[in-house]
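Biologist: I've got a model open on my screen and would like to learn how to read it. Could we go through it together, one question at a time?

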Amino acid sequence: MASDRPRVLSGIQPTSGSFHLGNYLGAVRQWVALQESHDAFYMVVDLHALTIHPDPKELRARTRLAVAQLLAAGLDPERCTLFVQSHVPEHTQLAWIMNCLTGFGEAARMTQFKDKSAKQGADRTSVGLFAYPILQVADILLYQANEVPVGEDQRQHIELTRDLAERFNGRYGDTFTVPAPYILKETAKIYDLQEPSIKMSKSASAPKGLVNLLDEPKATAKKVKSAVTDTDTVVRYDLVDKPGVSNLLTIYSTLTGAGIGELEQRYEGKGYGALKTDLAEIVVDFVTPFRERTQQYLDDPETLDSILAKGAEKARAVAAETLSQAYDKVGLLPAKH
C-alpha cells in the first residue's frame, strides 16, 4: 500500500444487527471512497461495545455481521486494512498510557459521558464508559492517522486525541501524529422518516422511522411511502418548514447523485406521492443487492475469518511499532526474548 498517501482511521460499533441508511450514507459510503485516495484503516470496535454489556453470543454474531456489511458496502481488503479492534491487543495497552496522561476533569467533560451518566446515575455508570474516549484516543494514535472521518458529534473526541498526542509529544518527544478531524461538509445527515426533527438512529428512532439495510425490501418500500411530510404538496428543500420532504430529497440525492435543485424541478407539480414512490424504488434497488452480498459473506465464514486475520496482521504491524516507541519513551523496561 502506498505509504505516501495520508492515513485515515475510523471505526463502527457492532451494537446493532443491521446498518441503517443513516450509518451508510453518513459514514460507510465515505469510507468506501476514502480507500481509493488514502491509506485507510477501518475497524469494528467491539471493545467499545462492552460499555453497554451486550449478550456475548449476540456481540460475536453482530461483529461478524458488521464486517460482512462493510464488505458488502464496498470496502476492499486489498485497498484498506479491515479488522476487529480486540484482535489487536495494542489498543488496550496504549489506552493505559493515555489514561495516565488524561486529567479526571478532562474525561468528565466529555459530552457523551455527561449525557449517559446523567441518565443512568453515577452508581450505574461504569469506569469503561468514563474511559472509552481515551481508548478511542489510543485507537487513533496507534496508527499514526493523519485524518479521522467522523460526524460533527465526535469532534470533541478528536480534540481530546489531539490534546493528548501533543501532551505526550511535549513531555516525551515526538512520537504521535496529531490527527485532524475529517468532517465531510457534504455528508448527508439522514433524519428519522417519522420524526424528521431527529437523526435516524437505532437508539432514538421508532421502527417505522428507521430504514434498516437488511430488512425485507417490501417493508423498506412501505416505510419510505409512509414517511411523514406536511400538508403542502410542493416538493421543495426547506429544512425549517418542510423537514420531512427535505429528508426524502437528501436520501434521493445521495443515493442517485442527482442535485436537490434538479429533483425539485423533476417533481414540480407532481406532489409527494410521486416522489415517495420513486424513492421507494431507488432504496429497494440499493438494499436488495446489499442484503444479498452481506448474506454471501455470512454464508462463507472461512473467507470472513481469513479477511479478518489478514487485516489484524496488517494492523498489528503498525500498532506494535507505535506501542514499542511509546513504551520506550515513557521508560518501560523492554522485555528481552
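This is a predicted model: local features need pLDDT of at least 70, side-chain atom pairs count only at pLDDT 80 or more; totals for chains, interfaces and linings use all residues.

Biologist: Is F130 buried or exposed?

Modeller: The relative accessibility of F130 is 16%. The cut-off for buried is under 20%, so F130 counts as buried.

Biologist: How many aromatic pairs are there, and what kind do F104 and F130 form?

Modeller: The count comes to nine aromatic pairs. For F104 and F130, the ring centres are 5.0 Å apart, with 35 degrees between the planes. Planes under 30 degrees apart would be stacked and over 60 edge-to-face, so this pair is tilted.

Biologist: How many residues apart in sequence are the parts that this pair ties together?

Modeller: F104 belongs to helix α5, residues 104-108. F130 belongs to helix α7, residues 127-141. So the pair ties together parts whose separation in sequence is 26 residues.

Biologist: What kind of pair do F168 and F176 form?

Modeller: Their centres are 4.9 Å apart and their planes make 65 degrees. F168 is buried at 0% relative accessibility, and F176 is buried too, at 5%. With an angle over 60 degrees, the F168 and F176 pair is edge-to-face.

Biologist: Which residue lies over the face of Y267?

Modeller: This one is about a charge over a ring, where the limit is within 6 Å of the ring centre. The distance here is 5.7 Å, and the residue over Y267 is K270.

Biologist: Zooming out, what radius of gyration does the protein have?

Modeller: The protein has 13 helices and five strands, and its C-alpha trace spans about 75 × 45 × 40 Å along the principal axes. For 337 residues, a compact globule would come out near 20 Å. The protein agrees with that, at 21 Å.

Biologist: What share of contacts between residues at least 6 apart in sequence join residues at least 24 apart?

Modeller: Some background: buried residues make up 48% of the 337. Now take contacts between residues at least 6 apart in sequence, and ask which join residues at least 24 apart; the share is 75%.

Definitions and conventions:
Residues are numbered from 1 along each chain as its sequence is written. Side-chain values use heavy atoms; hydrogens and water are left out. Rings of Phe, Tyr and Trp (its six-membered ring) pair if their centres lie within 6.5 Å; planes under 30 degrees apart count as stacked, over 60 as edge-to-face and the rest as tilted. Helices (H or I, at least four residues) and strands (E, at least two) are DSSP runs, numbered from the N terminus. Buried means under 20% relative accessible area, exposed over 50%, partly exposed in between (1.4 Å probe, protein chains only). A charge sits over a ring if NZ of Lys or CZ of Arg is within 6 Å of the ring centre and within 35 degrees of the ring normal. The radius of gyration is taken over C-alpha atoms; the globule rule is 2.2 Å times the number of residues to the power 0.38. Contact means heavy atoms within 4.5 Å.
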